[in-house]
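I opened this entry to look up how the chains meet and what lies at their contacts. The structure goes in first, and my notes follow.

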Amino acid sequence: MIALLLGACGSDEPRVAQGNRQGILHFGNGTEPQGLDPHVVTGIPEMHVIVTLFEGLVTKNPHTLEPEPGVAKRWNISEDGLTVTFHLNDRARWSNGDPVTAYDFVWSWQRALSPKMGNQYAYMLYPVKNAEAFATGEITDFSHVGVTAKDAQTLVVTLNAPTPYFIQLMDHQSTYPVHRQTIEKFGNAFDRFTPWTRVENIVSNGAFRLTDWKLNRRIEVTKSDTYWDRDKVALNGVVFYPTENISTEERMFRVGQLHRTESIPLDKIPVYRAMQDSPYINSPYLGTYYYLFNTSKPPLDNLNVRKALSLAIDRRRLTETVMHGSTLPAYSITPPGTLGYEPPKVFEHDVEQAQELLAQAGYPDGKGWPGLELVYNTSESHLKVAVALQQMWKDALNIDITLANEEWKVYLDTVDQMDFQMARRGWIGDYVDPNNFLDLFLCDGGNNSTGFCDPVYDDMILQQAPQATTREARYAIFQAAETRLMEQMPIVPIYTYTSNHLVQPGVRGMSSNVMDWINFKYISLDQDQRAVD
Amino acid sequence: MWRFIGSRLLQAIPVLLVVITVTFFLVRVAPGGPFSSEKAVIPEVKAALEAQYRLDRPVLEQYIAYLGDLIRGDLGPSFKYPGRSVNELIGAGFPVTAELALYALLVALLIGVGAGVVASLRPNTAQDYIPMSAAMIGICIPSLLLGPLLILVFGIYLDWLPVSGWGDMPGDKILPAITLGAVYAAYIARLSRAGMLEVMTQDYIRTARAKGIPEWRVVVVHGLRGGLTPVVAFLGPAFAGLLSGSFVVETIFQVPGLGRFYVQAAFNRDYTMILGATVFLSSLIVVFNLLSDVLNAWMNPRLRSRAGQNT
Amino acid sequence: MLNVNGLTISFTSREGTTRAVDNVNFSVTAGSTTAIIGESGSGKSVSCYGLLGLIPQPPGRIESGSALFLDTDLLRLDKHALRQIRGRDIAMVFQDPMTCLNPYMRVGAQLMEPLHYHRGASQSEAKRQALDLMAEVGIRDPEITINYYPYQFSGGMRQRVMIAMALINEPSLLIADEPTTALDVTVQAQILKLLSDIQLRRNIGILMISHDLAVVADIADQIIVMQEGKVVECGDRAAIFERPQHPYTRKLLASIPQGQKIPSSISPNPLVSVRNLCSWFKQDNETVKAVNDVSFDIYRGEVLGLVGESGSGKSTLGRSLLNLVPATSGQILFDGHEVISLAASELKSLRRRMQIIFQDPFASLNPRMTVYDTLAEPLLLHKLETRSSAAERVLEIMDEVGLARSYVRKYPHEFSGGQRQRIAIGRALASRPDFIVADEAVSALDVTIQAQILDLMKTLAQEYGLTMLFISHDLAVIRQLADRVVVLQNGEIVEQAETTALFEHPQQDYTRRLLEAIPGKSLL
Amino acid sequence: MSTTSISALVDAEQGSSLWRDAWLRLSRNRPALAGFAVLTLFVLVAILTPWVAPYDYAQQNLELGATPPSADHWLGTDIFGRDLLTQIMYGGRISLAVGFIATAVALLIGVSWGAIAGYMGGRIDAVMMRLVDILYALPFMIFIVLLMVVFGRNMLLLFLAIGAVEWLTMARIMRAQVQSLRQQEFVEAAVSLGLSPLAIIWRHVIPNALGPIIVYTTLTVPSVMLLEAFLSFLGLGVQPPETSWGLLISFGTETMEEYPWLLFFPGLVLAITLFALNFLGDGLRDALDVRGAKD
């Protein structure tokens with residue numbers, strides 16, 4: 001043990017400096033990925049690894065988030081917007097050298113949509129004709145689904161309705177191709193449990209291939225020599241480290257073991273921000289943090305109470321003090337700047353009006369207030385927000401809110417069964433479009449959880465918006481719908497997420513964007529840079 | 001002795017069976033299923049998932065099927081990590097946890113016995129109070145606090161040791177072992193002090209002194225063996241406790257052990273993994289308690305065979 | 001060889017300094033035995049341990065004096081030099097062979113340890129010497145038993161190991177601290193013989209410490225009598241035994257159990273009838289027949305002596321009479337009631353009528369109960385007194401057993417062994433029982449105390465009209481107290497007879513052996 | 001205690017004199033008294049907190065945020081600008097209550113369970129201890145979550161949950177003690193007096209087994225306080241803005257680099273409590289060990 005101790009004394013070069021020389025990116029990746037099957041797993045850590053290993057028809061430019069060629073070198077959309085034809089790059093290869101073909105995509109989408117797979121992101125393909133029917137088992141013949149391979153290089157997709165954001169979806173892991181022979185070699189193709197994604201088995205088509213996977217320890221991917229665009233790939237490899245504890249990951253970053261981490265304890269933000277050449281990067285993010293009101297239970301069945309609660313919150317103060325400016329005040333469910341969409345601002349922080357509204361609801365100066373419980377899942381930042389708001393409501397309205405933290409799965413159950421009065425919630429966009437946020441509150445929206453149901457609103461989202469011909473017209477309908485939503489106030493938006501991460505100075509090309517989407521192809525490392533101190 | 005071991009193992013069977021049964025139903029009663037997630041799960045998807053894990057069948061049938069698999073040594077597929085079996089996850093995590101626990105135990109023994117013996121030699125002096133007060137603090141300082149403290153001091157300010165990892169960098173096993181071992185070191189210190197105090201007043205210690213052998217030999221050769229009996233009795237429960245209590249340390253130091261899998265499983269309602277880990281750990285606890293008793297008997301010749309006792 | 005002059009040792013405690021040894025002089029010459037006699041607490045052990053630096057300092061302190069051993073003053077030596085002498089030139093044998101050997105080490109290793117350390121002997125050489133010595137002290141099969149652990153030996157054998165260990169470096173002086181007190185009489189006789197044989201063979205000096213004059217009567221050349229740290233009398237054996245000067249010496253002499261009980265009036269019908277009683281238990285797959293097919297009667301008002309060596313099953317027999325250990329088979333009738341199969345509620349009322357006094361008054365009293373609590377417990381339990389009247393009765397019992405009333409709030413540890421045994425007797429008598437089992441009730445006591453307690457028991461037995469089973473390994477004690485005697489060997493009755501008849505005309509070899517082993521016969 | 005009159009005897013009739021004597025001895029043990037005084041002070045402060053606390057414990061000052069100790073806030077403020085001293089005082093109410101009540105629950109169950117199992121031996125012992133084994137082996141976290149869901153969130157449940165865990169070790173210690181005690185002759189003497197097993201356990205066994213139990217109890221109190229923090233984390237314990245020492249310490253740990261006082265002061269208070277308890281515990285053990293007292 002003493003020998004170990006002595007051997008360890010400061011002799012090691014930090015991994016980051018070493019990585020800079022070797023072109024290896026050391027990436028803090030939160031938790032251990034559940035798996036690497038693009039059609040099975042759902043989380044962000046999984047996604048980070050999967051995007052290095054696989055590539056969809058398109059990929060996104062990390063700076064603009066505009067689609068750019070992936071496996072498809074180009075695509076055309078028919079006049080009526082119902083048919084999309086992808087022309088595949090004939091240089092696209094699997095890591096075993098096989099060409100990536102349109103047939104691969106057809107088979108992969110069948111797999112992704114197959115009910116037996118239990119793919120939770122199958123709905124990413126629902127714009128495709130009959131895809132939903134197939135996924136829910138209404139039809140079993142995949143040939144009725146609107147995707148066909150005209151030849152090895154041409155994939156034709158038929159849509160239910162014009163879907164402006166469809167091309168974007170082609171970058172989602174649920175639409176990625178997977179290698180049929182490999183999957184079938186290791187078991188039933190439509191079985192979640194096959195070991196085809198193990199290091200020794202996997203065949204993929206991305207810029208990197210899997211070279212090491214040690215559970216709860218590391219995942220290593222190495223630059224692929226079969227990738228069609230390999231000349232552009234600067235990195236020689238990426239190592240992902242699963243670290244549940246955010247303080248641990250932050251410390252790993254601090255001692256130069258990681259190039260990038262998203263784990264920053266709130267109270268560390270001012271410290272990092274104050275550093276010279278700060279590694280702290282903070283940019284808008286496509287997500288909203290809000291509280292659900294259960295509109296079917298008193299006192300929140302009263303609109304005035306809901307409004308009073310919302311108006312009493314000083315969002316600016318919250319984000320600037322407790323959140324250390326790491327988030328932005330939110331007054332709508334849709335984050336601002338969603339591909340040009342500006343959400344309406346229906347209300348502002350106004351204590352006097354809030355008091356008046358509460359008085360109108362029958363609780364002047366909090367008198368007769370029946371009490372209200374706020375449910376949130378256990379986490380330090382949720383707790384901080386809740387505690388701050390609790391006091392704001394007390395100060396502004398003289399009402400008591402009790403807090404109840406619940407363990408994650410219990411919380412999910414509570415929200416799902418609407419067994420709460422007020423509950424914390426957050427929504428991160430799956431794709432860049434207001435629709436992704438606004439369809440949450442449809443009457444039968446699976447994530448509605450508020451009891452809010454407005455047929456007019458449903459009509460605007462489901463009927464009017466898709467039929468709009470221009471982006472402006474469509475956005476105008478969304479704005480009207482969102483105004484309507486915020487006037488009913490089934491939720492109280494609190495803040496817009498921002499993407500917070502720490503990046504070592506040697507990392508180039510890791511641009512910030514609202515989806516916090518990383519295209520590892522674009523990243524390079526500066527050999528001469530050392531880790532931050 | 002073999003009869004004793006046999007009967008103890010036999011006694012363990014009903015215990016394990018009850019543990020399995022209670023856990024099996026407990027996890028299923030607990031709110032939030034393995035597939036609930038923040039984004040609503042489509043009913044068809046959920047049904048497909050449940051069918052794959054036999055969750056669509058009556059609970060009793062699931063239970064019997066589980067027991068059947070268990071007898072064959074199959075702990076089932078993990079819910080959290082599709083494509084991996086619980087056997088595989090335990091196989092990946094346990095060796096690490098066992099290694100960590102072993103080092104922690106060594107640390108605990110080294111520090112604990114050392115401090116305890118030193119303290120016992122001059123009771124109620126500074127030589128006693130200082131190590132014993134440190135032990136008191138050691139018992140009560142949670143590893144959640146000790147770990148980060150050690151990291152800050154040795155990992156960040158002094159930059160002597162890695163702040164995380166396991167077998168990735170030289171010396172990265174030292175801090176986790178110390179953090180995990182600290183509490184047990186404190187207990188062992190108290191136990192060995194009490195044991196030594198008791199033994200050093202025994203008649204046979206006086207005999208040894210009367211033989212004119214040096215004092216260190218009296219302490220080490222004649223005193224330790226008896227004085228450490230309570231420590232030996234504690235080793236089994238301690239090792240079992242280290243194995244099942246390493247979660248916090250594993251999380252803080254990013255050690256890929258079983259504890260992390262286990263607690264993650266509990267948070268994720270990974271039914272098979274919770275059950276598998278519980279069965280595995282409680283079997284280990286049984287085994288280590290037994291080992292500890294056997295070791296205790298082996299250390300103490302009188303217990304090896306009780307025939308020498310007076311009637 | 002050893003000449004101790006003006007030795008004074010004091011102990012400091014919170015209450016102040018006490019002189020445990022005060023100006024003590026004695027000497028030992030080669031080939032002879034000097035015995036130091038005194039009760040516990042008289043300072044006899046402290047003076048010997050003090051010579052060898054074996055008392056903890058502090059609290060102990062050697063105030064003054066000298067101890068010349070072969071021209072070296074032991075008291076002037078530093079720790080290291082003293083350690084060189086210990087175990088090489090002066091060796092010790094302690095009282096209790098059960099606790100004085102390291103239970104975790106094989107006896108061979110313990111035997112050889114001083115050789116290794118003092119002589120730097122090699123393993124094979126040490127082993128050879130150890131084997132020789134084991135044979136010399138009469139341990140059978142030394143080749144095998146050298147690898148035994150202490151627990152595998154009987155008490156007598158362990159004491160032989162202790163003696164061998166003391167002799168292994170061929171010391172010139174052997175200090176033996178109560179070497180036979182914890183042993184059965186027969187074994188005691190053997191060990192004493194062994195010591196004198198060795199002395200004869202090796203011409204060593206022996207300093208022997210004992211509380212029992214009878215024990216040293218056969219082997220001591222010089223006798224020193226100590227009381228409260230001071231030497232009250234010294235002289236050769238004949239002088240001490242024939243012309244004792246000091247009253248304390250006379251008291252010691254008087255305490256040697258002698259004489260015989262005048263038979264008491266015994267009613268012809270038995271209070272306790274034991275028929276074919278067996279008490280067996282399993283131990284490591286072997287059935288130990290602790291009591292095997294025993295039948296006898298105890299008549300009302302009678303004191304029945306039960307004698308046997310340790311392991312003969314006499315304690316088990318005593319306890320099974322009170323249903324404290326389960327009987328395997330047989331019948332015990334107490335005043336017509338079957339004891340073995342009694343229900344718990346009936347047993348309780350019966351328990352009031354039969355009581356037990358244990359050997360070890362340290363272990364048999366709850367250390368956390370005051371005298372009052374201990375004595376009041378049976379009174380209140382059996383509703384003999386109310387809470388308010390109990391106090392008076394407790395004081396009466398204390399009077400009866402000879403305890404000062406002022407001790408009523410004290411705890412057992414504050415009393416001497418004799419006083420504790422009085423408490424235990426008081427507890428047994430509190431419920432006004434008809435029958436008492438006294439299990440080695442005086443064996444752990446110093447002789448003088450033993451005499452007092454025996455007197456007390458005699459008196460009380462008569463006063464209360466008690467029937468008693470008196471269990472002892474010491475025939476001299478039995479003779480003083482018992483009307484009839486039952487001799488037990490290996491769980492079976494060897495002989496039972498009237499006391500006089502048994503002592504004068506023993507029928508069995510075993511009984512005769514027991515009788516011969518009684519120490520101090522030269523005095524009688 | 002050399003002279004005793006009849007009047008003292010009458011005192012003795014009332015209740016067990018062991019406890020009276022222990023109290024007398026305890027009152028002469030300075031460290032124990034100091035420990036007792038500190039604990040009493042803490043309890044008093046906890047009771048009086050609503051009246052003596054310098055600030056409202058929930059009152060925030062978000063703009064102020066976390067500040068180090070100052071004239072206004074002697075122990076500084078937390079990230080919400082709340083006065084740390086006030087937080088610690090209110091936290092003490094919860095922590096001390098949890099610490100003492102839950103430990104008492106554990107003590108009660110553990111000691112009786114262990115004593116009965118150890119004294120009865122045989123099959124009863126086997127069954128009782130196997131139950132302990134089973135409870136040891138069950139996944140604690142799931143158990144807690146379930147308790148919470150079935151019974152809702154309340155403090156009583158918190159005590160129960162903690163008691164349910166801590167009594168297991170207590171029972172084991174007690175059982176080991178009792179097993180060795182029941183071989184002792186004074187227990188046999190009590191049997192021969194005709195005492196019922198329960199009376200023997202209560203009067204003769206438990207008082208003599210208290211030493212290790214007291215020591216373990218003093219160790220249990222602080223660990224219970226920290227366990228409470230973990231349970232609160234799972235959602236079972238206290239809910240903000242209420243707090244406890246355990247919670248303060250675990251939040252303080254998160255920010256120990258930025259705001260060390262948020263860890264230091266709650267930690268210090270817990271440490272003081274711990275040492276006070278330890279001194280008191282050792283004192284109690286010595287006081288009850290009548291043999292060790294040579295006066």
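I began with chain A and chain C, which no contact joins, their closest C-alpha atoms lying 31 Å apart; I counted two residues as in contact if their C-beta atoms, placed from the backbone, lie within 7 Å. The model is predicted, so I note that local features need pLDDT of at least 70 and side-chain atom pairs pLDDT 80 or more, while totals for chains, interfaces and linings use all residues. Residues are numbered from 1 along each chain as its sequence is written, and chains are lettered from A and ligands numbered from 1 in the order in which they are written.

Next I looked up which of the five pairs of chains that touch has the most contacts, and found chains A and B. Their contact takes 49 residues from chain A and 40 from chain B. On the side of chain B that touches chain A, H2(B) gives the most, with five residues; helices here are DSSP runs (H or I, at least four residues), numbered from the N terminus.

I then turned to H6(B) and helix H10 (residues 245-254) of chain D, which pack at an angle of about 20° with their axes 10 Å apart; the axes are lines fitted to C-alpha atoms over the stretch in contact, and angles run from 0 to 180 degrees between N-to-C directions. That makes H6(B) roughly parallel to H10(D), a term for angles under 35 degrees. The contact is made by Leu144(B), Leu145(B) and Pro148(B) of H6(B) and Ile249(D), Ser250(D) and Thr253(D) of H10(D).

Methods:
Helices (H or I, at least four residues) and strands (E, at least two) are DSSP runs, numbered from the N terminus. Angles under 35 degrees count as roughly parallel, over 145 as roughly antiparallel, 65 to 115 as roughly perpendicular and the rest as oblique.
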